[in-house]
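Hi,

Here is the structure I promised to pass on. Have a look at it first, and then read on for what turned up.

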Amino acid sequence: MSVRTLPLLFLNLGGEMLYILDQRLRAQNIPGDKARKVLHDIISTMFNRKFMEELFKPQELYSKKALRTVYDRLAHASIMRLNQASMDKLYDLMTMAFKHQVLLCPRPKDVLLVTFNHLDAIKGFIQDSPAILHQVEEIFRQLTEVKCFFLLCLWQTYGGLSAGEFQLIRQTLLTFFQDLHIRVSLFLKDKVQNSNGRFVLPVSGPVPWGTEVPGLIRMFDSKGKEVKKVEFKHGGNYVTAPKEGSFELYGDRVLKLGTNMYSVNRPVETHMSGASKNLAPRTQENIAPNPLAKEELNFLARLMGGMEIKKPSGPEPGFRLNLFTTDEEEEQAALTRPEELSYEVINIQATQDQQRNEELARIMGELEVTDQPRQSASKGDDLLAMMDGL
Amino acid sequence: MYVWVARPRLLAVRTCVVSMVAVDSQGPQDSAVRMFRRERSIPLRGSAAALCNNLSVLQLPSRNLTHFGVVHGPSAQLVSAAPEGVPLAQRQLHAKEGAGVSPPLITQVHWCVLPFRVLLVLTSHRGIQMYESDGSVMVYWHALDSGDASPVQAVFARGIAASGHFICVGTWSGQILVFDIPAKGPNIVLSEELAGHQTPVTDIATEPAQGQDYVADMVTADDSGLLCVWRSGPEFKLLTRIPGFGVPCPSVQLWHGTVAAGYGDGQVRLYEASTGTLHVQISAHARAICALDLAPEAGKLLSAAEDTFVHIWKLSRSPESGYTEVEHCHGECVPDTQVCGARFCDPSGSSFAVTGYDLAEILRFSSV
């Protein structure tokens, strides 16, 4: 498992979250300046310097459910509010989208191009905001500073990595997404996902940059001279890659994975079907009590301590965003969600308190359990019991 | 508790269409050997992890049994099956735990057939576990020393092979650990540490020495694509280094002094083991190769890649020139499956098994 994976996971899932929120804000006719403010608040939380410092520290990946608490908090970094069912759906969509991107990456290294596609789009979200010019200047100032720091982190972490190290990163990401087969209607419609929740792997199109189109056997003599050339039928229908995507700050990424696939006429929908119950065997994570949960919580607390959340107590009234078309659908989704996809265990509500050594205690103290409280002897055991349920 | 829903899974299997593609464009002869048919698959408790060489097969013809080993993530599953693919027994193994946020991930499981015994070796991000062949008793544990590793370095063991009475295991640092295995009992000793690689070891292949001196009988591969060719013995000797091309070499095999290497850019290359001379280069796959295997009796090579294809090749020595030649025998597409492991299931290469990332079954194919 690569300890360099978390930044890529966080940034790409964050990028997908912004795409979805942007689309839902439009669909729900939230006024433009209010919608932009929401996205800006989330983006500035994501790229907060202290948070970035924690994010880029070498560390193992969290479990799917632990990472969800990070996004839960991030999504609520603005005046917008999401209820449980909408948050579940948002996280499902984000994770399935990035799983698709990682799976289809031509080379392991190209997961960086996917990240750049997300970052390019995030840049677009910030620039496109004439209505709140007075804030933009401030954001730009902060952003230039943060951008430099962020790019330095990115360069330091991924700059000199070998193909082997990127392969390990990709394997780590795929391990994170293993056994996740939620069906997304947009993917089903576009025929990139099968009805059993598995993604379609194309056997045509360009081969990865640096790879030859399969179908040729070449034989050499002991002096290295080619003595025989035989073609064979590979079975796929590939062409040479036109060019390599740009890994520079600006440039043509070539790869389309990681760009915004939503638009007003392509609404966000998920199918949570019972069928996935049978298709996805339950993972270790769900069944085995995890004695390491306390440690994970510790890591999580440190990471989230870096997040600055604005309380929605300002002059602007908050609003609720619905990931579903109607409130009834949302209620229905909450009721029919398959049990193994349930995240309803912890709800960490960290506040502005920045003191490192107090964070864990605070988060432990504020941990809310939404199902029945378990009976256990000590506070620490309680916490473990809760995390077991994760 | 874990619930194993077997029936719907089997139904799903039947509806999954596996297409046969690409009978070779070359020769018209022996088409009977070339066609493979999908057989009943073996259900797994957990899906296969996205690792290279993520399938080990132990053939026990005397008992009419085949053992399969697949890594799920923090656990690995062993299944034994009758010839028709009926699963008879299964066992779950776990990596020994240590400090860390999550349970350690397993990197590989592999059966090592030694002269007097068979051991199952499991490598993880913590160390090396050796079991009796059925996985019932752990006979040896070797913890990895992360000593001089930087915090960004992933520490793990990977690449397992038996050579004589030794078991060789590769590590993250590029070292090959050589363990001396007694005919019975747990008295296993780390006898040598071989230096040759600078990047993490990916795979190790061996073949029985033919009795000659200075014969190359072990090859090791790494993340940079470098291959090291060794002669085994009380002291292992590095014979040749075959430079890489900047892409990893996830899988290697050794057949009659010929090294077969599968690379991250879909290429398969065949080298003379003793000299490192390149004999054959195959643009075999459109994505990274994840597994090679050999059927030594038939001289058949199997290559499997993330492009969803498994190819079978026939290797031969040209009688006139003495060079290694290759012929394409069969191509099999496993639709929408990022293949992560593939092995022949018999010494003649007339059947093979395939695992795929996220897929909770072992797919089986045999020649018609």
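Which residues have the most contacts inside the largest nonpolar core? They are Leu67(A), Tyr71(A) and Leu90(A), in a core of 88 residues. A nonpolar core here is a set of buried Ala, Val, Leu, Ile, Met, Phe, Trp, Tyr and Cys residues joined through side-chain atoms within 4.5 Å. Buried means under 20% relative accessible area, exposed means over 50%, and partly exposed is in between (1.4 Å probe, protein chains only).

Before going further, two notes on how to read this. The model is predicted, with local features needing pLDDT of at least 70 and side-chain atom pairs counting only at pLDDT 80 or more, while totals for chains, interfaces and linings use all residues. Residues are numbered from 1 along each chain as its sequence is written, chains are lettered from A and ligands numbered from 1 in the order in which they are written, and side-chain values use heavy atoms, with hydrogens and water left out.

Setting aside neighbours within four places in sequence, Tyr71(A) is in contact (heavy atoms within 4.5 Å) with Leu9(A), Phe10(A), Leu13(A), Gly14(A), Met17(A), Met87(A), Tyr91(A) and Met94(A). Another core lies apart from this one; it has 23 residues, including Leu114(B), Val121(B), Tyr140(B) and Phe156(B).

Tyr71(A) also turns up in a ring cluster, where ring pairs link it with Phe10(A), Phe51(A) and Tyr91(A). Rings of Phe, Tyr and Trp (its six-membered ring) pair if their centres lie within 6.5 Å; planes under 30 degrees apart are stacked, over 60 edge-to-face and the rest tilted. Over all chains there are 13 aromatic pairs. One of them is Phe187(A) with Phe199(A), which is edge-to-face because the centres are 5.5 Å apart and the planes stand at 80°. Phe187(A) sits in helix 9 (residues 185-189) of chain A and Phe199(A) in the loop between helix 9 and strand 3 (204-206), so the pair ties together parts 12 residues apart in sequence.

Phe245(B) and Tyr263(B) make another edge-to-face pair, 5.8 Å centre to centre and 85° between the planes. Here Phe245(B) is partly exposed at 47%, whereas Tyr263(B) is buried at 0%.

Next, the sheet. Helices (H or I, at least four residues) and strands (E, at least two) are DSSP runs numbered from the N terminus, and two strands pair if DSSP finds at least two bridges between them. An open sheet of 6 strands runs in the order 5(A)-4(A)-22(B)-21(B)-20(B)-19(B), with antiparallel pairing. Its edge strands are strand 5 (226-231) of chain A and strand 19 (251-255) of chain B, each pairing on one side only. Strand 19 of chain B is joined to strand 20 (residues 258-262) of chain B by 5 bridges, and Ser251(B) has Gly262(B) as its bridge partner.

In the loop between those two strands of chain B lies His256(B), which has a positive phi of about 50° although it is not a glycine. Asn53(B) likewise has a positive phi, of about 55°, and is buried at 4% relative accessibility.

Best wishes
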